[in-house]
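Hi,

Here is the structure I promised to pass on. Have a look at it first, and then read on for my notes.

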Amino acid sequence: MQKRVQSSASNHHNSIIGPQYLVPHYLDLSIMRKVTTLTDNFIVTDINGKIFFNLKSSLISLHDHRLLLDATGKSVVMTLRRKVMKGHDRWEAFRGESTEVNDLIFSVKRSLMFQTKIKLDVFLANNMKEDISDFKVKGSWFERSCVVYAGDSHNIVAQMHKKDIVQSVEYGKDNLMVRVYPNVDYAFIVAVIMILDEINQDKIRQQQ
């Protein structure tokens, strides 16, 4: 039986982006794709509509950079960047607007993605060997559902599922709900889900 990650102050996984992104209870976030002609932008809110983050395409290179901004949309929390490597997809997350190696927070490697199944490995920056991943993402993108696990364990730190809502003009219909478990860095989880979406969008673009 799957059990959730045990919360303890000594768990080094707890604060990844910063302690301000930890809450002692479950946090349900809604990730909505904002429909524009040129860019792929997202807004992240809680169930009451309070804005937590904005995610924008970097104007430098639309498909290779993403900026995770705070609730005001003015301060950059993280820069997400695709790293082109032979044989697999890889994305890296850096603090603020940096892309310097000493500001690397974590990287995501696609270990499996055929048909509808997804498996991603997440490595924190201090995991140089990368023989064991710090987090794993498994699921089905076709069903818009996935689970984020701590390392090779069955400890769940977050779960994502699709939420069907009435489509508005400004926001697309395909919104995601993410449940972040207590004392898990929710900024980190949002960034991982955004990278997962980007890898999936790449797959769609390649098939077209």
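**What I found**

At 11% relative accessibility, Y21 counts as buried (buried means under 20% relative accessible area, exposed over 50%, and partly exposed in between, with a 1.4 Å probe and protein chains only). Before I go further: this is a predicted model, where local features need pLDDT of at least 70 and side-chain atom pairs count only at pLDDT 80 or more, while totals for chains, interfaces and linings use all residues. Residues are numbered from 1 along each chain as its sequence is written, and side-chain values use heavy atoms, with hydrogens and water left out.

**Overall make-up**

The order from the N terminus is β-β-β-β-β-β-β-β-β-β-β-β-β-α. Of its 208 residues, 52% count as buried. The accessible surface is about 10,900 Å², and carbon and sulfur atoms hold 52% of that (Shrake-Rupley method, 1.4 Å probe; for residues, only the protein chains shown count as cover). If you take the contacts with a separation of 6 or more, 38% are between residues 24 or more positions apart (contact means heavy atoms within 4.5 Å).

**Aromatic pairs**

Back to Y21. There are seven aromatic pairs in the structure (rings of Phe, Tyr and Trp, the last by its six-membered ring, pair if their centres lie within 6.5 Å; planes under 30 degrees apart are stacked, over 60 edge-to-face, and the rest tilted). One of them is Y21 with F53: the ring centres are 5.8 Å apart and the planes meet at 45 degrees, so this pair is tilted. Y21 is in the loop between β1 (3-4) and β2 (27-35), whereas F53 is in strand β4 (residues 51-57), so the pair ties together parts that are 32 residues apart in sequence. F53 is buried too, at 1% relative accessibility.

F106 and F188 make an edge-to-face pair, 4.9 Å centre to centre with 80 degrees between the planes. Here strand β8 (residues 104-112) supplies F106 and helix α1 (residues 186-207) supplies F188, so the parts tied together are 82 residues apart in sequence.

**The core**

Which residues have the most contacts inside the largest nonpolar core? They are I17, F53, M78, F106 and I189, in a core of 54 residues (a set of buried Ala, Val, Leu, Ile, Met, Phe, Trp, Tyr and Cys residues joined through side-chain atoms within 4.5 Å). The largest share of this core, twelve residues, comes from α1. Leaving out residues up to four places away in sequence, F53 touches a list of residues including Y21, F42, L68, V77, Y186 and V190.

**Strands and loops**

β9 and β10 run antiparallel and are joined by six bridges (strands pair if DSSP finds at least two bridges between them). In that pairing, D121 stands opposite K136 in β10. β10 also pairs with strand β11 (residues 145-150), in the antiparallel sense and over six bridges, with V148 in β11 as the bridge partner of V137. The hairpin of β10 and β11 has four residues between the strands, and R144 takes a positive phi near 55 degrees there.

E130 is not a glycine, yet has a positive phi of about 60 degrees. E130 lies in the loop between β9 (117-124) and β10 (135-140) and is partly exposed at 26% relative accessibility. N183, also not a glycine, has a positive phi of about 60 degrees; N183 is in the loop between β13 (174-180) and α1 and is partly exposed at 23%.

Finally, S111 sits in strand β8 and is partly exposed, with a relative accessible area of 34%. S111 touches K119, L120 and D121, not counting residues up to four places away in sequence.

Cheers

Notes: Helices (H or I, at least four residues) and strands (E, at least two) are DSSP runs, numbered from the N terminus.
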